[in-house]
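Hi,

Here is the structure I promised to pass on. My notes follow below it.

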Amino acid sequence: MARCRLDRMTDLRKTVETFWATAQARDWDAFADTLAEDVVYTLPQTRERIVGRERYVRFNREYPGDWRLRVERIVAEPEQVVSWGLFTVELEEMYGISFFTGDDSGRISAVTDFWPEPYEPPAGREHLVERY
């Protein structure tokens, strides 16, 4: 009998919560347990891709600087989870948006990270927006 979509959504959300908690704790064995063996990690802004659990864990383990994160929000659908987090690398803070896809075992099979860079909005829409 196939698992219902709600169970899969809840399972993937819990997996993503564990993913972030274990990354923050630098518990690389538990972090690896959240990932499918053939996980694909994609960074569209830098046009980089990492394939495979071992390489992805190593990428995170070896990331330079003393980084920290705070998950701001997680939104879950049965096939996908999206998280928004504040990442701090030494003195620099940046928000990141991560899209997760899961496999049938409840592990993460794909992660796509977006790291929005701040920019000034184009002129001509001041009458429509409020700046903060």
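Thr15 lies in helix α1 (residues 5-25); helices here are DSSP runs of H or I with at least four residues, and strands are runs of E with at least two, numbered from the N terminus. With a relative accessibility of 14%, Thr15 is buried (under 20%; exposed is over 50%, partly exposed in between, with a 1.4 Å probe and protein chains only). Leaving aside residues up to four places away in sequence, Thr15 touches Thr34, Gly106, Arg107 and Ile108 (heavy atoms within 4.5 Å).

Two notes on the source: this is a predicted model, where local features need pLDDT of at least 70 and side-chain atom pairs pLDDT 80 or more, while totals for chains, interfaces and linings use all residues. Numbering runs from 1 along each chain as its sequence is written, and side-chain values use heavy atoms, without hydrogens or water.

Now the rings: there are 14 aromatic pairs (centres of Phe, Tyr or six-membered Trp rings within 6.5 Å; planes under 30 degrees apart are stacked, over 60 edge-to-face, the rest tilted). Phe99 and Phe114 are edge-to-face because their planes stand at 90°, with centres 5.9 Å apart. That pair joins strand β5 to strand β6 (residues 108-114), 15 residues apart. Phe99 is partly exposed at 28%, and Phe114 is partly exposed at 31%.

Ring pairs also link a cluster that includes Phe19, Trp20, Tyr41 and Trp115. Finally, the charged end of Arg26 sits over the ring of Trp67, 3.8 Å from its centre (CZ of Arg or NZ of Lys within 6 Å of the centre and within 35 degrees of the ring normal).

Best wishes
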